[in-house]
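Subject: the structure we talked about

Hi,

Here is the structure, to open alongside this email. My notes on it follow below.

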Amino acid sequence: MEETTFMADPMRLMIAALVGIIVLLVLIIKFKLHPVLEKSGLPLILIAFLIAVLVRASVGSSIVAMTMASGIMATMPAVMDTSMVYRAAMCCAICGGATALSHVNDAGFWLVSTFLEIDEKTTLKSWTIMETLIGATAFIVSFVISIFA
């Protein structure tokens, strides 16, 4: 029986990046979504979580997702006006977003799949869902804390 392995196709990655850029341009030009997130009216903690989730899903690395989301949020002047408790909750929300959506472009996904000797479909059903639940729980707890901060 032949074992199948996942290989990232560079053309598919380029197409995904291009589609993402087009979606952003449509949101900004057609729907007048302000490109600066802090003026969108969304809570900063939600923006931080969403940035981390999107980077995690696209790149696969939780470290890259945390670093990028933290860097983006740190440059927003509105973050400086928040309390230390709010910023701590934002850090937890970023970590939660960086944990969610672990899939085939994540080293942890393949580590679990290989060591537990389970196929990709089963790993997606177990590991990915577990990681996403952990990330969502971290966001919910962080959001509740941010309300009282």
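Let me start with helix 2, where Leu44, Ile45, Ile47, Ala48, Phe49, Ile51, Ala52, Val53, Val55 and Arg56 are buried. By buried I mean under 20% relative accessible area; exposed is over 50%, and partly exposed is in between (1.4 Å probe, protein chains only). Those buried residues pack against helix 3, helix 4 (77–80), helix 5 and helix 7 (120–148). Helices here are DSSP runs (H or I, at least four residues), strands are E runs of at least two, and both are numbered from the N terminus.

Before going on, please keep in mind that this is a predicted model: local features need pLDDT of at least 70, side-chain atom pairs count only at pLDDT 80 or more, and totals for chains, interfaces and linings use all residues. Residues are numbered from 1 along each chain as its sequence is written, and side-chain values use heavy atoms, with hydrogens and water left out.

The overall picture

The chain has 7 helices and 0 strands, so to speak an α-α-α-α-α-α-α run from the N terminus on. Of its 149 residues, 26% are buried. The accessible surface is about 9800 Å², and carbon and sulfur atoms account for 76% of that (areas by the Shrake-Rupley method with a 1.4 Å probe; for residues, only the protein chains shown count as cover). Contact means heavy atoms within 4.5 Å. Taking contacts between residues at least 6 apart in sequence, 67% join residues at least 24 apart.

Helix 2 and its partner

Back to helix 2, residues 44–59: its 16 residues reach 22 Å from first C-alpha to last, close to the 22 Å expected at 1.5 Å a residue. That expected span is 1.5 Å times one less than the number of residues. Just after helix 2, glycine 60 takes a positive phi of about 100°.

Helix 2 packs with helix 3 at an angle of about 145°, their axes 8 Å apart. Axes are lines fitted to C-alpha atoms, for helices over the stretch in contact, and angles run from 0 to 180 degrees between N-to-C directions. On the helix 2 side you will find Leu44, Ile47, Ala48, Ile51, Ala52, Val55, Arg56 and Val59, meeting Ser62, Val64, Ala65, Met68, Ala69, Ile72 and Met73 in helix 3. By class, that contact has 13 nonpolar residues, 1 polar and 1 charged. Here Ala, Val, Leu, Ile, Met, Phe, Trp, Tyr, Cys and Pro count as nonpolar, Asp, Glu, Lys and Arg as charged, and the others, Gly among them, as polar.

Helix 3 against helix 5

The axes of helix 3 (residues 62–74) and helix 5 (residues 84–99) come within 8 Å and cross at roughly 145°. This crossing is right-handed too. Ser62, Ala65, Met66, Ala69, Ser70 and Met73 of helix 3 make the contact with Met90, Ile94, Cys95 and Ala98 of helix 5. The contact holds 8 nonpolar and 2 polar residues, and no charged ones.

Not counting residues up to four places away in sequence, alanine 98 touches Ala52, Arg56, Ser62, Ala65 and Met66. Its C-alpha is 9.3 Å from that of leucine 50, 48 residues apart along the chain.

Helix 7

Helix 7 has 29 residues and reaches 41 Å from first C-alpha to last, close to the 42 Å expected. Its buried residues are Thr123, Thr128, Glu131, Gly135, Phe139, Ser142 and Ser146, and their cover includes helix 2, helix 5 and helix 6 (107–115). One of them, threonine 128, has a relative accessible area of 12%. Leaving aside neighbours within four places in sequence, threonine 128 contacts Leu101, Ser102, His103, Phe109 and Thr123.

Two loop residues

Most residues other than glycine have a negative phi. Leucine 101, in the loop between helix 5 and helix 6, has a positive phi near 60° and is partly exposed at 32% relative accessible area. Glutamate 117 has a positive phi of about 55°; it lies in the loop between helix 6 and helix 7 and is exposed, at 72%.

Note on methods: Left-handed = near helix turned anticlockwise from the far one by under 90°.
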